[in-house]
Amino acid sequence: LANEFIVDVYQAGAGTSHNMNANEVIANRALELLGQKRGDYSKLHPNDHVNMAQSTNDVFPTAMRLAAVTMTGNLLGSLSLLESELRKKAREFKTVMKSGRTHLQDAVPITLGAEFLSYADCVKRCAARIKNASIELKSLGIGGTAVGTGLNAHPRYAAMMVKTLSSISGIKGLQRHENAIEATNSMADFVEFSGALRALAIELIRVSNDIRLLSSGPRTGLSEIKLPAMQPGSSIMPGKINPVMPEMLAMVSFQVMGNDLAIGAAAQAGQLELNVMMPVINYNVLQSIEILTNAIEAFAKKCVKGIAADKKRCLEHFEKSAGLATVLNPVIGYEKAAMVAKEATKRNITIKEVIIEKGILEKDALQRVMDKNNLVPSRKQRKRR
C-alpha cells in the first residue's frame, strides 16, 4: 500500500496531512476486507472510526518514536560489527610498533594495535550513548489526543494502547509518558537522540580521517596501513587507488550533522501545545539512522576487515621518530634529550645512532631504556600505575 501514501514530507504542519492519508488508507482497506466498496464511509469512517480516541498530535509523535527505536536496533547492530572488526585489527596489530603523532608531529611510540583499540572503544561508547538516548523515545504520549489532555479518549485508552503497541512492535520498555501535554509540545527527546547520532558522526569523521592519513601514499605519505582497493581512484592517473570507503563514511557523517542542525531548528520552532515541525524532524532522524546503518556496515565489511599493516614502514617511522627522545628524559634529562632529538633530525639519523655515537649511554643500557614494555605499557601496566 506504499503507493497510497501520496503526501510529501514537507507538508501541512504537525503531520496532519499524513495522518489523514493514513486514516483513509486504513479505512478503505478495512472496507475491502469487510466486502464493502472503497469510499463508502457510511459503513466505516476514517475519522469517526479509524481516528477514534486519537489525534494527529498524539499519533504522529508516537509513530515517530516507534520508528526511531525500531530502526535503532539495526544501527546498533552495524556499530557492533564495526567494533568487532576494529578489535580484530587491534589484536592483529598489537605488536606493530610505530611512532605516535600529536599536532601531526612525531610523538612518543605507540602500537598500531593500540590505535585501533582506541577506535573500537570509541565506537562502543557511541553505541552506548545512542542506546541510552533511545530509552527516552520509549515514553509515549498516545491517548493525549489534541493537546495532551486526553479529550475524547477513554481513561484506560492510553495504558491499553501502550500495551498493545508493545505487543505488536516487540519493543520492550514502552511506557506512558508522564506528561502527555509535554509529549505533544516538546521534541527534546529527539534532539537528545539526534545529538547522540551527531556525536557518533563526529567520531566517525575523526576515525575515517585517521585511516586516510595512515594509508596515505603509497610513496609520499605515511603508508603505515594498506586499505582494500575498491575502485580505480582516478580518471587520469593510472594505478591510483583512493580511500573511497573512509571518504564515503565521512560524507554520510557530514549529512547526519546537517540533519541534526535541522532537527534542532525544528524542535525549537514549536509553540504552545504543539510542535508543527514534526514531519521534518521525523524525516531527518530516520534518514540519519538509515544512512549511518548502511555506511557503517559497508565500512566495516569493505574497509576495516581488509586493512593490512605495513610493518616495515611502521618500524621505519618508529626508529626515526624524534619522539623517542622523550623516553630518555628520566635517564639523561630533558635538555640533553632535546639535544639528541635535534641532532637526529638535523642529520636524518635515528635517536639510537646519536646516543651510541656520542657515548651518552652504553648499548645495553640503551636497550633497556628502549625496551618495548617501557615504550608502550600494556593496559594492565597502565592500570597498576
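Visitor: In the largest nonpolar core, which residues touch the most other members?

Guide: A nonpolar core is a set of buried nonpolar residues joined through their side chains. In this predicted model, the largest one has 70 residues, and Leu75, Leu82, Phe116, Leu200, Ile281, Leu292 and Ile296 touch the most other members.

Visitor: Which elements give two or more residues to this core?

Guide: They are helix H3 (56-92), helix H4 (112-136), helix H5 (157-169), helix H7 (188-214), helix H8 (244-267) and helix H9 (278-302). H3 gives the most, with eleven residues.

Visitor: What does leucine 200 touch?

Guide: Not counting residues up to four places away in sequence, leucine 200 touches Leu75, Leu79, Cys126, Ile130, Leu292 and Ile296.

Visitor: How many residues does helix H1 have, and what distance does H1 reach?

Guide: A helix can be checked by comparing its end-to-end distance with the span expected from its number of residues. H1 (residues 16-33) has 18 residues and reaches 26 Å from its first C-alpha to its last, close to the 26 Å expected at 1.5 Å a residue. Just after H1, glycine 35 takes a positive phi of about 80 degrees.

Visitor: Which residues of H1 are buried?

Guide: An α-helix has 3.6 residues a turn, so residues three or four places apart point the same way. In H1 the buried residues are Asn19, Asn21, Ala22, Asn23, Val25, Ala27, Asn28 and Leu31. Their cover includes helix H2 (46-50) and H3.

Visitor: Is leucine 165 buried or exposed?

Guide: Buried means under 20% relative accessible area. Leucine 165 has 17%, so leucine 165 counts as buried. Leucine 165 is found in helix H5. Leaving aside neighbours within four places in sequence, leucine 165 is in contact with Thr62, Leu66, Leu140, Gly170 and Leu174. From leucine 140, leucine 165 is 25 residues away in sequence and 10.0 Å away in space, C-alpha to C-alpha.

Definitions and conventions:
Residues are numbered from 1 along each chain as its sequence is written. Side-chain values use heavy atoms; hydrogens and water are left out. A nonpolar core is a set of buried Ala, Val, Leu, Ile, Met, Phe, Trp, Tyr and Cys residues joined through side-chain atoms within 4.5 Å. Buried means under 20% relative accessible area, exposed over 50%, partly exposed in between (1.4 Å probe, protein chains only). Helices (H or I, at least four residues) and strands (E, at least two) are DSSP runs, numbered from the N terminus. Contact means heavy atoms within 4.5 Å.
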